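Hello,

Please find the structure below.

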Amino acid sequence: MREYLQFYIDGQWVDPVEPKTLDVINPATEKVAGKISLGSAADVDKAVKAARKAFATWSQTTREERMDVLNRILAEYQKRFGDLATAVTEEMGAPASLAQRAQVPIGMGHLGTAVAVLKDYKFTEDRGPTMIVKEPIGVCGFITPWNWPLNQIVCKVAPAIATGCTMVLKPSEVAPFTGHIFAEIMHAAGVPAGVFNLVQGDGVGVGVPLSSHPDVDLISFTGSTRAGIEVAKNAAPTVKRVAQELGGKSPNIVLDDEAFAKGVGRGVATVMTNSGQSCNAPTRMLVPQKRMDEAIAVAKEAAAQVTVGDPNGNSQLGPVVSEVQFNKIQKLIQSGIDEGATLVAGGVGRPEGLDVGYYVKPTVFANVTPNMTIAKEEIFGPVLSILGYETLDQAVEIGNDTEYGLAAYVQAADLAKAREVASKLRAGQVSINGGGGDLMAPFGGYKMSGNGREWGDFAFNEFLEVKAVLGYAPKEAAE
């Protein structure tokens with residue numbers, strides 16, 4: 001059993017100010033897999049003070065020095081690849097294949113991308129007599145989720161390191177193992193003391209004091225919209241910058257053409273990835289009403305191909321992360337049945353033969369209407385809703401009829417038509433025919449899906465202040 005009872009503050013592993021622990025549950029076994037300490041406002045204050053002290057020197061480092069540190073982090077990360085993959089599977093139930101193929105590699109990808117962007121990033125710009133300077137914003141507080149733990153840690157940490165910021169990380173207490181190992185990686189890489197700090201804990205004990213701390217200049221949060229609103233409220237009195245990547249209810253518009261069956265099948269598979277626990281999952285599939293029966297047949301067959309079971313075996317889907325999530329998903333599946341949607345596959349209860357573990361049946365509903373609960377609420381499980389449309393304009397209207405705007409998807413044989421539909425969708429990222437995997441593409445949402453952008457060069461902008469130095473060049477030189 002893992003015991004991670006210390007925090008990483010000012011380059012050292014330290015005991016919490018007030019001893020208090022939390023059991024971490026393995027969602028596949030429902031047994032205790034480890035124990036962490038829960039931090040408090042006093043621990044946050046120690047970490048923020050260390051980050052503030054380190055900022056004075058770290059913010060003045062050269063581009064080359066920061067590239068060297070990032071490359072050292074990447075090298076240590078690669079050494080711990082196997083440990084990270086095992087931890088992801090253990091803490092949140094991701095199948096071993098998914099952990100090795102996506103969950104862990106994406107962290108490496110963000111580190112490599114940060115190095116590539118930093119190499120040529122323009123921190124200064126001459127505008128006649130004025131010099132525009134981009135400077136590190138300061139101390140950053142990071143609150144990250146459990147569903148893609150390494151992705152969300154590294155896509156914040158890497159650009160913050162690259163731009164000269166210092167930071168305090170609070171990973172999810174539901175899946176905290178990877179955060180602890182990442183802190184070990186930072187220490188082994190020789191990241192200067194105080195630049196990176198880790199305090200484990202829950203939202204009340206650590207998240208609130210971190211987001212409200214007067215010496216934190218930016219709070220970057222990934223999680224539910226409900227929690228994001230609270231983070232923003234806590235940050236407001238200190239007028240710090242707030243960057244958020246929140247919930248989603250992403251539409252997937254399948255056009256009426258020869259690629260229809262392929263598009264439906266792809267949509268089902270994408271929703272089921274990571275047991276549906278992705279904020280950008282295409283959980284609302286829109287198909288021509290006249291082809292609803294065909295969509296049902298294809299989706300039923302696709303769902304039947306999805307295997308569920310032990311994440312250390314060969315199954316495509318492991319459990320969802322916790323009992324709380326399991327119960328929420330079951331309640332929403334039941335609401336779909338109660339409100340009259342057609343149950344195509346799956347349903348309530350665990351899959352046959354899986355009596356232990358938070359396993360959910362791959363579930364597909366058809367003939368869903370926009371006013372149904374399953375068409376409006378983010379389920380965060382392997383549940384797909386199929387809605388019908390009469391015209392493409394109506395499909396776009398239904399697609400945009402949501403409080404969220406994180407992602408959207410279009411499936412079509414005609415690329416020009418797909419691009420036209422994509423241009424009308426109100427979302428921060430639109431994927432055409434399964435396009436994805438671009439770590440330079442900005443990631444973030446419209447509306448209640450958040451603000452700001454992560455990934456690639458757009459992420460750098462979140463961690464920089466803009467200064468105008470007037471009279472930088474003599475008037476005659478400017479002329």
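**The sheet and its surroundings**

Asn252 has Tyr409 in β19 as its bridge partner. Strands here are DSSP E runs of at least two residues, helices are H or I runs of at least four, and both are numbered from the N terminus. This is a predicted model, in which local features need pLDDT of at least 70, side-chain atom pairs count only at pLDDT 80 or more, and totals for chains, interfaces and linings use all residues. Residues are numbered from 1 along each chain as its sequence is written, and side-chain values use heavy atoms, with hydrogens and water left out.

Strands β13 (residues 251-254) and β19 (residues 407-411) run parallel and are joined by three bridges; two strands pair if DSSP finds at least two bridges between them. Both belong to an open, mixed sheet of seven strands, ordered β15-β16-β17-β14-β13-β19-β20. β15 (342-345) and β20 (429-432) are at the edges with a single partner strand each, so one side of each has no neighbour in the sheet. On average, neighbouring strands are turned by 25° against each other, direction ignored.

Helix α10 (residues 260-272) lies across β13, β14, β16, β17 and β19, and runs at about 170° to β14. Axes are lines fitted to C-alpha atoms, for helices over the stretch in contact, with angles from 0 to 180 degrees between N-to-C directions.

Leu392 sits in helix α14 (residues 392-400). Leu392 is partly exposed, at 26% relative accessible area (buried is under 20%, exposed over 50%, partly exposed in between; 1.4 Å probe, protein chains only). Leaving aside residues up to four places away in sequence, Leu392 touches Ile253, Leu255, Lys417 and Val421, contact meaning heavy atoms within 4.5 Å.

Regards
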